[in-house]
Amino acid sequence: MRRRKAFSAAATLAVALCIVPAAAQAGTLMSEGEAYPVALEGFRIEKASTRVTQGASTLTAECKKATFTGTLSAASSEVRLHPVYSECTAFGFIEATVKTEGCDYIGHIGEKVGEAWTTTADVACEAGKAIEITAGTCQMKIGSQKGLKSIELTNMAGTPQDVTGNFALRNVRQATTKDGFACPLQGVGEFENFDVDGLATLTGKLNGEPIGLTVE
């Protein structure tokens, strides 16, 4: 009887292992003809829109221009880009600066859902560095953090082919470091109340000439 029970348990375990679904396949960004290294250039199609939620209040920050640059040395599921923002407004002030020196974004391409690849993002800053948003008497810093969700990458038809990214990052951690007179922020401290939305396109160049990109 004990032998039968042991055999039955082993058989059940074997069947269970056989029907466990395989791990989702991560997408890979590659260049046309797999020629490298490729200079990556990203541009916001829409305004770089961010918002800080404070209870029932929502404060916004927008930049008319945003660019992202990097290098694709080989086909990879990881993409590292350096952001630059300009012509910005924030928190009710008509002028704002966004400093990004020493900080990059790293995208980790995940599985394909429908026609898009789900992607998470990291903020990767050098020691002592952070993305700084300053407007009037307000200042906040966005430092290193991992696994922000989510971005959807989609292949776009065209010659050469580009890739678009639809950003909807939620609960980004930020540190409010200045909250002076007329600043509408809720006081200094660390919060997870910063969201980012937008649409960008990513293009490639090989030896200065356009080259197609695709996620597969």
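## The C138–C183 disulfide

The bond between C138 and C183 is right-handed, with 125° about the S-S bond. In this predicted model, the two sulfur atoms sit 2.0 Å apart.

The structure holds three disulfides, so let's turn to the others. C63 is joined to C88, with an S to S distance of 2.0 Å. The torsion about this S-S bond is about 105°, which means a right-handed disulfide. Since C63 lies in strand β4 (residues 57–72) and C88 in strand β5 (residues 78–90), the pair connects parts 25 residues apart in sequence.

C103 pairs with C125 at 2.1 Å from S to S, and this link is right-handed too, with 115° about the S-S bond. Here strand β7 (residues 103–113) holds C103 and strand β8 (residues 116–125) holds C125, so parts 22 residues apart in sequence are tied together. C103 is buried at 1% relative accessibility, and C125 is buried at 15%.

Counting the bonded cysteines in sequence order, the pairing reads 1-2, 3-4, 5-6.

## The cavity

A search of the whole structure turns up one cavity of 30 Å³ or more. The largest cavity has a volume of about 620 Å³. Among its 43 lining residues, R44, F68, Y85, Y105 and F167 are the closest to the centre. The lining is made up of 32 nonpolar, eight polar and three charged residues.

Technical notes
Residues numbered from 1 in each chain as written. Predicted model: local features only at pLDDT ≥ 70, side-chain atom pairs only at ≥ 80, totals over all residues. Heavy atoms only, no water. 1 Å grid on protein atoms, 1.4 Å probe; cavity = no way out; pocket = protein on both sides within 12 Å on 5 of 7 lines; lining within 4 Å. Points joined across faces, edges and corners; volume = space filled by probe spheres on them. Nonpolar A, V, L, I, M, F, W, Y, C, P; charged D, E, K, R; others polar. Disulfide = S-S within 2.5 Å. Helix = DSSP H or I, 4+ residues; strand = E, 2+ residues; numbered from the N terminus. Buried < 20%, exposed > 50% of the residue type's maximum accessible area, 1.4 Å probe, protein only.
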